Amino acid sequence: MSNKLTYEDSPYLQQHKNNPVDWYPWCDEAFEKAQKENKAVFISIGYSSCHWCHVMEENVFENEECAKILNENFVSIKVDREERPDIDKHFQEVHMLLNRRPGGWPTSIFCTPQNKPFFAGTYIPPESRAGSIEGMGFIELTKLIAQKINENDEQLYKNADEVEGFINHYEHPKEATLLKEDFYKNFLHQVKNNYDPRFGGFSVSPKFPQANTLNTLLTIDRLYDDKAARAMLLDTLNNMSKGGIYDLIDGGFCRYSVDERWLVPHFEKMLYDNALLCEVYTKTYLIYKDEQHLSIAKSIADFWLNFMSENGLFYSASDADSQGEEGSYFIYTYDEVKQALNDKYENLDKVLKQLGVTQTGNFEGKNIIRIDADAPEEFAEIKTILQNIRKDREYPFIDKKIQTSWSAMMLKSLFILGSIDNKYNKIAVNSLNELLKTMYIDEKLYHTTLIHKTPKIEAFLEDYAFLADAIMSAYKYTGKDIYLIQAQRFINIALEKFYKNGVWNFSDIDFETKAEISDNTYTSSVAVIIEAMFSLSSIIEDEKYAHFAFKTLEYNSYELARRPVLYPKMLEQVLRYTKGERIIKSTQDNLSNHIDKLSALKYPFILLKSDSNSEYLICGDKSCFSSTDDLEELDKLIINSI
C-alpha cells in the first residue's frame, strides 16, 4: 500500500511511495502530528540518482522491522534535496555542527516533536556492527531515541535547544580586508598544495572535477601567463577525458571518480557537473585551440541534448544503477567487445589494448572503456559499435525534473559553445525561451518542476543568480536588448528578496538560510549573482549593481584573503574588480560575424555591446581607450589598456 508520497511530483519521492514506512512529504501536517502525539521526527534527505540513498532504501526503508519502529514511534519525512535545497542546506549545517565534518546523502536527521534536531547521520545500516566506528545501527538507534522521547529525556531536549541556538546564530566576518589582486597568489599556493601531479585533480580519492577551480586557473593563466596554472588546468582536463569519469561512448561526465586515476566513476550523471565542465572545456579550447577540448565540450552538450532533454528543457540527472547493479549499463565484458569487433579489424589485439579492454577487466571483472595513450584510428566507428551494444541494455533511471538553476548553467555553456558552432547558440535561445515559459509564470519564478507539470516550489537565490547570468550570456552572444530587461528584472527581485548589507540569504521560505560563498557541490550562487551584477552594471551603465557586487565582495573579503581556494568563483570576481572590465563596442553585424574571434580574446573580463561604431571601440568603466578595424590588434590594444 502506498504512503503519502504517492501524490508528490518528485521522482525521488515517488521512488519511496511504496515503502512500508508511512512517509510524509515536508508539510505542516507532519509537524503538527509530531507535536500532537509527542513523537520524534525523522527526516531523510536524498535524491533520485544517489546510489547510497538506494542502498538505505533497500536495507532500511524496505525492512519491515525498521518500518514498524518508525511508524509506531516517529513521524517520518522524505525530502528531495534537489527539489528543496533550502531544507537540505539547513540540515547539512546541522550535520556539520553535530559531527564536525561535512555530511552527504542520504542525510538522516532526528528531531524532537518540536522539530529541533539533536542527531544527524548519513547512511545508517539496519544492524549495529561490533567494533564499528559508525556506532549503532538503525534499529537500535531508533529504539533508543523513541525511549528517550517517551521519557522526555532532559538532556536530549537540552541538546536540541543548543543546536537550534547555534544554527540560528550567524557569524559575521571579523573584519573587512582591502580587495587585492594578490589574492590569486595565495589561491595558487593553496591549489598547488592540493594538486595531484600524477593524474591531475585537487584531492585524493574520491575525486571530483572541481570545475570552478579549473575555470579560475584558466583565468589566472590568461591574466598572468602562469605556467603552473596552465599545467594544472590542462593536465587535469586531459587526465579526466581518458575515460572512466568521462563516458567515452555516450559522452558526458559522471559525478566523481572513486579512484585517483579518474578510471572508476560513481556512474550517476548530473546536469550541473556537465554544464560547468562544458563551459571549462569550451573556454579552454578558445584559448589554447586544442581540438580535443572542443570535441569533449560538444560531446557533453550533445549527450544532454540527445539523452537528457525534451522540448528544449534539460533533465536534472541520470542514475548510476540499472537492473539493480551500479554501472551495469556502462561496462563491457571482454568477450562481447571482442566478438563485436572481431570481423572488422585485423589488428584486434592492439585495438582492445588501446581501449583498455582485457580479460581480467578494470572494474569488477568487466571493462570501463578507457584510452590512456593514442586512440584507435577507427575509434569513431568503434564508438558506434559499442553504443549499439548499450542499446540492448536497460538505461539508468532518469530524473526528469526541470530545475531553473541547473538548466541556466547549461544554457550559459551552450551560448559560449555557440560562439564556435552557431547551432548551439540557436539551441540555447530556444531552450531559454522554453525555460522561462515553464518556470516564470504570472511574474513569479519557480525552482523546479517535473516535465509537463506545473511548478509549485518558488525560486531560491541560486535560480535568480544562474538565470540572470545565463541571460547576460544570451545578451553577449546575440546582442538582443530584451535580455538586458529580463536580467535586470531577475536581479532586482533577488536583491529585494535575498540581500541585506552585503549578506545574501539562500531562501526566504521555511528556512532563512544564509547563502554559501564557497563553491561546494557547484558554484556559489552569491559569486554568480556578483558576476551577473557586474556585467549588467557595465552594459546599462547603472552603478548601483556594481555597488551591490562590491559590497558583497567587501563583506566576504576576510575569508577570501585567507582561504581563496574555497572560493574560486568569487576570487575571479575580485580579479575582475581589481583588474577592470573591457567593453568592446561595434555594430551588431561586426560583433555577430566575428563572435568566434571575439570570444577567443585572451583578456578574460570582456563584454560586448552593439552601437553605431563601425570599428571596434575598446572601453572601460567610464572612458574609451582606442579603436581599430583589425581584429588581430584587439588583444594587444586591450592588454595595453589594462
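**Aromatic pairs and overall form**

At 0% relative accessibility, Phe-253 counts as buried, where buried means under 20% relative accessible area, exposed over 50% and partly exposed in between, with a 1.4 Å probe and protein chains only. The model is a predicted one, in which local features need pLDDT of at least 70 and side-chain atom pairs count only at pLDDT 80 or more, while totals for chains, interfaces and linings use all residues. Residues are numbered from 1 along each chain as its sequence is written, and side-chain values use heavy atoms, with hydrogens and water left out.

Q: Is Tyr-281 buried or exposed?
A: The relative accessibility of Tyr-281 is 0%. Buried begins under 20% relative accessible area, so Tyr-281 counts as buried.

Q: Which kind of pair do the rings of Phe-253 and Tyr-281 form?
A: Rings of Phe, Tyr and Trp (its six-membered ring) pair if their centres lie within 6.5 Å; planes under 30 degrees apart count as stacked, over 60 as edge-to-face and the rest as tilted. The centres of Phe-253 and Tyr-281 are 5.8 Å apart and their planes stand at 25°, so the pair is stacked.

Q: How many residues apart in sequence are the parts that Phe-253 and Tyr-281 tie together?
A: Helices (H or I, at least four residues) and strands (E, at least two) are DSSP runs, numbered from the N terminus. Phe-253 lies in the loop between α10 (227-240) and β6 (256-257), whereas Tyr-281 belongs to helix α11 (residues 271-288). The pair therefore ties together parts whose separation in sequence is 28 residues.

Q: How many aromatic pairs does the structure hold?
A: Ring pairs also link residues into a cluster, with Phe-267, Trp-304 and Tyr-395 among its members. For the structure, the number of aromatic pairs is 37.

Q: Which kind of pair do Trp-23 and Phe-61 form?
A: Trp-23 is buried, with a relative accessible area of 0%, and Phe-61 is buried at 1%. Their ring centres are 4.9 Å apart and their planes stand at 85°, so the pair is edge-to-face.

Q: Where does Ile-87 lie?
A: Ile-87 is buried, with a relative accessible area of 0%. Not counting residues up to four places away in sequence, Ile-87 touches Trp-26, Ile-45, Val-79 and Phe-511, a contact meaning heavy atoms within 4.5 Å. Ile-87 lies in helix α5 (residues 85-99).

Q: What separates the C-alpha atoms of Ile-87 and Pro-564?
A: Along the chain, Ile-87 and Pro-564 are 477 residues apart. The separation of their C-alpha atoms is 27 Å.

Q: Which residues does Ser-557 touch, not counting residues up to four places away in sequence?
A: Ser-557 lies in helix α22 (residues 557-562). Ser-557 is buried, with a relative accessible area of 0%. The residues it touches are Glu-175, Ala-176, Thr-177, Leu-179 and Phe-183.

Q: How many helices and strands does the chain have?
A: Of the 642 residues of the chain, 59% count as buried. Along its principal axes the C-alpha trace spans about 80 × 70 × 45 Å. The chain has 26 helices and 24 strands.

Q: What is the radius of gyration of the chain?
A: The radius is taken over C-alpha atoms, and the globule rule is 2.2 Å times the number of residues to the power 0.38. For 642 residues that rule gives 26 Å, and the chain is close to it, so the chain is as compact as a globular protein of that length. The radius of gyration of the chain is 26 Å.
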